[in-house]
Amino acid sequence: MSQRHIIQVFEQYQKSRMQFVQTVADLASRPQNIEMLQNAGVMSMLRPLMLDVVPSIQQTAALALGRLADHSDDLAEAVVKEDILPQLVHSLASQNRFYKKAAAFVLRAVAKHSPELSQAVVACGGVDALVLCLEEFDPGVKEAAAWALGIIARHNALLSQSVVDAGAVPLLVFCLLEPEMALKRIAASTLSDISKHTPELAQTVVDSGAIAHLAQMILNPDAKLKRQVFSALSQISKHSVSLAEMVIEAEIFPAAVACLRDPDEYVRKNVTTLMREVVKHTPELSQVIVNCGGMAAVIDYLGNCRGNLRLPGIMMLGYVAAHSENLAMAVILSKGVPQLALCLSEESEHHIKAATAWSIGQIGHHTPEHAKAVATAHLLPKLLELYMDANSSEDLQAKTKKALKSVLQKCTYLPGLEPLLYDVPSNILKHVVCQFSKVLPHDSKARRLFVTSGGLKKLQEIEAEPGSLLQEHINAINSCFPEEIVRYYSPGYSEVLLERLESYQPA
């Protein structure tokens with residue numbers, strides 16, 4: 001056989017290998033082909049091609065593996081069982097940038113499915129290899145590595161700590177300074193994923209100087225970057241007063257408030273989430289947000305969005321109001337209560353309704369004036385309706401019941417209370433009647449109105465257990481009126497009068 005013929009054989013063999021991996025990579029990009037490839041045993045065929053002498057074949061084999069692993073946890077587990085990960089990690093140090101990007105994609109595709117698969121990536125040295133990739137010159141390699149590290153860190157605190165221990169955080173902060181927008185986005189996202197689990201992990205991110213760099217990007221025109229920046233600042237702020245104060249000290253507000261008018265709905269949601277995480281800690285931090293116009297802007301925001309986008313804003317108002325009478329009054333004066341009433345009537349998801357009910361309770365439970373603001377917005381019958389609705393979730397029923405009780409115990413606005421005398425369970429009715437028993441002895445106009453509106457008549461129809469708290473409140477109210485009026489409105493009194501009429505003999 002001539003040398004030329006031998007060369008042709010080798011070239012044909014190389015061409016066939018290349019054609020095979022390219023075809024598998026193309027087929028793996030379409031979900032309908034995955035099961036067929038799996039049944040054909042393609043994993044074990046791709047494994048030796050990861051060590052091919054031709055770099056482009058190695059890269060395409062890695063790409064095909066990544067696409068397969070990305071599709072399902074079964075295929076990702078097959079990559080682990082085939083012992084491909086150690087070989088992949090070992091090659092990462094010596095191969096070119098194209099291979100490194102493909103290898104990082106495989107590690108990400110395996111890690112995304114579960115903490116256990118992420119742990120398999122950590123166990124084979126994958127995190128250390130990915131951190132080394134963050135030091136590469138090529139921004140595409142850095143981006144692929146940062147993305148994979150974020151996926152690993154996302155699962156839990158232990159995996160996040162392994163990313164930190166490998167030295168990723170300072171390098172991710174440096175990535176924020178790179179000119180490439182995609183790299184900035186993914187670095188901010190990964191810092192967010194690391195920060196979210198514990199105060200200690202968030203502190204590590206802060207200690208690397210991340211807040212200052214993130215703060216500089218809040219007015220960047222790129223919406224996807226701003227989403228990740230506000231997400232990271234939220235995850236840092238949520239853990240403690242000191243971390244939230246560090247975010248405030250970076251002078252993010254009032255500039256961040258302007259982002260509530262951003263065209264991107266997720267930028268607006270993440271800004272609102274940041275404010276929620278800041279205000280929940282202390283009255284002082286709440287006051288900072290109120291003073292810079294944050295609360296009024298969030299109330300406007302609630303009027304311009306729907307569904308889960310509303311949730312952080314609804315909760316933010318509740319957290320602000322919970323701290324003090326003055327802050328709750330600030331929510332009322334900013335027209336927060338009518339906006340929450342709209343949320344309660346417009347939203348269908350029970351968890352959003354439950355959060356709204358909780359916030360209403362936080363506003364109304366301070367003083368009679370606060371409770372009146374809730375009552376005049378016609379929220380008490382609405383809360384009662386949700387509490388009594390058999391289709392309401394357990395959490396929604398619990399939240400509406402608690403809100404109702406806390407507002408009722410302060411409410412002295414009788415026109416708002418009167419609708420609750422009708423068709424109400426006794427555990428709520430006793431609070432309603434109690435409030436009437438507090439007000440009526442001292443207010444003659446209220447007593448007259450209570451009679452003419454039918455309240456006194458309804459009170460006599462209530463069947464309370466003798467000696468119960470409810471019966472005591474009813475007796476206290478009845479003692480505010482002349483005995484003959486109470487008798488007149490008592491059930492059966494008309495029959496008594498008719499009997500007397502029948503037995504009456506005119507002179």
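Tutor: A helix here is a DSSP run of H or I with at least four residues, numbered from the N terminus. Axes are lines fitted to C-alpha atoms over the stretch in contact, and angles run from 0 to 180 degrees between N-to-C directions. The model is predicted, so local features need pLDDT of at least 70, side-chain atom pairs count only at pLDDT 80 or more, and totals for chains, interfaces and linings use all residues. Residues are numbered from 1 along each chain as its sequence is written, and side-chain values use heavy atoms, with hydrogens and water left out.

Student: At what angle do the axes of H13 and H16 cross?

Tutor: Roughly 20 degrees, and the axes come within 8 Å. H13 covers residues 181-195 and H16 residues 223-237.

Student: Roughly parallel or roughly antiparallel?

Tutor: H13 is roughly parallel to H16, as angles under 35 degrees count as roughly parallel and those over 145 as roughly antiparallel.

Student: Which residues in H13 meet H16?

Tutor: Met181, Lys184, Arg185, Ala188, Ser189, Ser192 and Ser195. Their partners in H16 include Leu225, Val229 and Ile236. Contact means heavy atoms within 4.5 Å.

Student: How do the residues of that contact divide?

Tutor: Six are nonpolar, six polar and three charged.

Student: New topic. How many salt bridges?

Tutor: The count comes to 15, where a salt bridge is a side-chain nitrogen of Lys or Arg within 4 Å of a carboxyl oxygen of Asp or Glu.

Student: Which side chain does lysine 112 meet in a salt bridge?

Tutor: That of aspartate 70, at 2.9 Å, N to O. Lysine 112 lies in the loop between H7 (97-111) and H8 (115-123) and aspartate 70 in H4 (residues 55-71), so the pair ties together parts that are 42 residues apart in sequence.

Student: Where do glutamate 385 and lysine 382 lie?

Tutor: Both are in helix H27 (residues 379-388), three residues apart, about one turn of the helix.

Student: Which residues are linked in a network of salt bridges?

Tutor: Arg306, Arg310, Glu346 and Glu347.

Notes: Helix = DSSP H or I, 4+ residues; strand = E, 2+ residues; numbered from the N terminus. Parallel < 35°, antiparallel > 145°, perpendicular 65-115°, else oblique. Nonpolar A, V, L, I, M, F, W, Y, C, P; charged D, E, K, R; others polar.
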